[in-house]
Every structure is written in structure tokens, then in C-alpha cells.
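Please find below a colleague's note on the contacts in this structure.

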Amino acid sequence: MKEKNKRESADDVARQRRTGDPLGVNSEVGRKLKQYYDDLVSDEVPDRFAQLLAQLEQAEPSAKKG
Amino acid sequence: MAVSQGFKTDLLGAIPSLRAFAVSLAQNADRADDLVQETLVKAWDKHESFQMGTNLKAWLFTILRNEFYSQMRKRGREVQDSEGIMTARLAVHPAQQGQLDLKDFRAALERLPEDQREAIILIGASGFSYEEAAEICGCAVGTIKSRVSRARAKLQEILEISGEDEYGPDAISTQVMASPNS
């Protein structure tokens, strides 16, 4: 998970360097925005979502009818 | 048609991003998780309308965004809880470098109008292209560009960021407006 995020942000950095993106690594707003968002993305996901998907799967008509 | 195992796995994988986007929009952790839940249920029900091979994350963000605005319309605008749930939740995070900075940034972000906030998040943080962001928000690419530009200028102003001469607001607007196909 962490590894994946790191790789994605490295790609973003490369993309921003190429395109001269106004929110790239050279922009303080861009850096803070990334930091803010990465902090949210790395937040632990509550179990309720995995449970929800399991419930949805069980409720599938195909699961009942076979 | 049954929901495929792959689709379910992809949904699970998208949850961290969906939650981050939801918190950015709603500025409230509980409401954000309700939005994510609603999004997952809708995505599950409508899975047949998702075209395999297209961008699942963009599709999910579109559903979440529509849900957010439809809830806003239903409830009317609520007073934003700027020092409430989010702050309390994040306060239990271990102290880390830049945490104070981050708090200031969060407060600044909250002061942006929703349309500008979502645009700068989609482009500057979620990793979408201007074209994808325009599709998610159902508006023109130029609209996204101008919202990002205004959001960035406003954040700079609130945070009193200076010394970015070569990337200053004028240079940015010129750059953004001059490259409709970038």
C-alpha cells in the first residue's frame, strides 16, 4: 500500500516536471496539497467497507439462484 | 450479470482514494465515510454500466461527487465543522513534522468554495488529468483550469506564500490558459 503510493507520487512528480504543472514539486501549494491528501489516503480503512462489500456480494441474485 | 471478483477487488483498492476525496469535499470524517459507503452501494448496483478498461477511479469519483452534491441540495448548506470531528480525529495521529503546517493548510482549504476545492484536489492531489477532472465534474476543461488557478491563488493568499516568482499567479494563469491541450 505504502509502496504503491510512493510509486504513484514519484510518477506524479515526473509528470509535473515534464509538463511544468503549476501544482508541481516547485510549488509550495502543490507540495502541501500532496501532503494533505497523502495523509488522508494513508489513513487506515475501517472494516465496515470490507463488510459492506461482503454483504453486497451475498445479496447478489446469482448467489441465491446459483 | 454477477459482479466479478476483479470488480470487487478494484472497489476495495479504490477505497483509500475515495475516502480522501470524500473528506476533501465534505470536510467531515463521518459524512465522508457515509459518502463512500453510498458510493460503493451505487457502484455495485450499477456495475454493468461501467465499461471495462475505462478508468474505474474516475467513474467512482463521479458517483461520489454526484452523491455529495445531491446530499448538499437535500440538506441545505450546513455550518462547516472546521474545528470539530476532523481535527479531533487527526489530533490522535502521532506528532510528525509539518503537522502544524498541515493544520493551517487544511483550514485554508476549507475556506475555498466547493467547486474550486474539488478542482484543485482532483488535479493537484488525486492525479487526474484536466480532461478527466472535467468529465468527473461535468464541465469544460477550461472551467477546471480556471478553478484550479483561482484555488491556487486563494490558497497562496491565505497561507501568505511568497517568493514563488517564477511560478507566481500571473505566470500560472498564462501557462494554464495558453495550453488548452496540455
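**Notes on the contacts**

1. Helix 2 of chain A packs against helix 1 of chain B at an angle of about 125°, and their axes are 8 Å apart. Because angles of 65 to 115 degrees count as roughly perpendicular and those over 145 as roughly antiparallel, helix 2 of chain A is oblique to helix 1 of chain B. The crossing of these two helices is right-handed. The model is a predicted one.

2. In this helix pair, Tyr37(A), Leu40(A) and Val41(A) of helix 2 of chain A meet Pro16(B), Ser17(B), Arg19(B), Ala20(B) and Val23(B) of helix 1 of chain B. The contact of the two helices comprises 6 nonpolar, 1 polar and 1 charged residues.

3. The contact between the chains as a whole draws 31 residues from chain A and 39 residues from chain B. On the side of chain A, two or more residues each come from helix 1 (2–19), helix 2 (28–41) and helix 3 (47–58). Helix 2 of chain A gives the largest share of that side, with 12 residues. By class, the side of chain A that touches chain B holds 15 nonpolar, 7 polar and 9 charged residues.

4. Chain B is assigned domain 1 (1–92) and domain 2 (97–182). Their contact takes 12 residues from domain 1 of chain B and 12 residues from domain 2 of chain B. Helix 1 (5–26) and helix 3 (56–75) of chain B each supply at least two residues of the side of domain 1 that touches domain 2. That side of domain 1 of chain B has 4 nonpolar, 7 polar and 1 charged residues.

Note on methods: Residues numbered from 1 in each chain as written. Chains lettered and ligands numbered in written order. Predicted model: local features only at pLDDT ≥ 70, side-chain atom pairs only at ≥ 80, totals over all residues. Domains from an automatic or database assignment. Contact = placed C-beta atoms within 7 Å. Helix = DSSP H or I, 4+ residues; strand = E, 2+ residues; numbered from the N terminus. Nonpolar A, V, L, I, M, F, W, Y, C, P; charged D, E, K, R; others polar. Axes fitted to C-alpha atoms, helices over the stretch in contact; angles between N-to-C directions. Parallel < 35°, antiparallel > 145°, perpendicular 65-115°, else oblique. Left-handed = near helix turned anticlockwise from the far one by under 90°.
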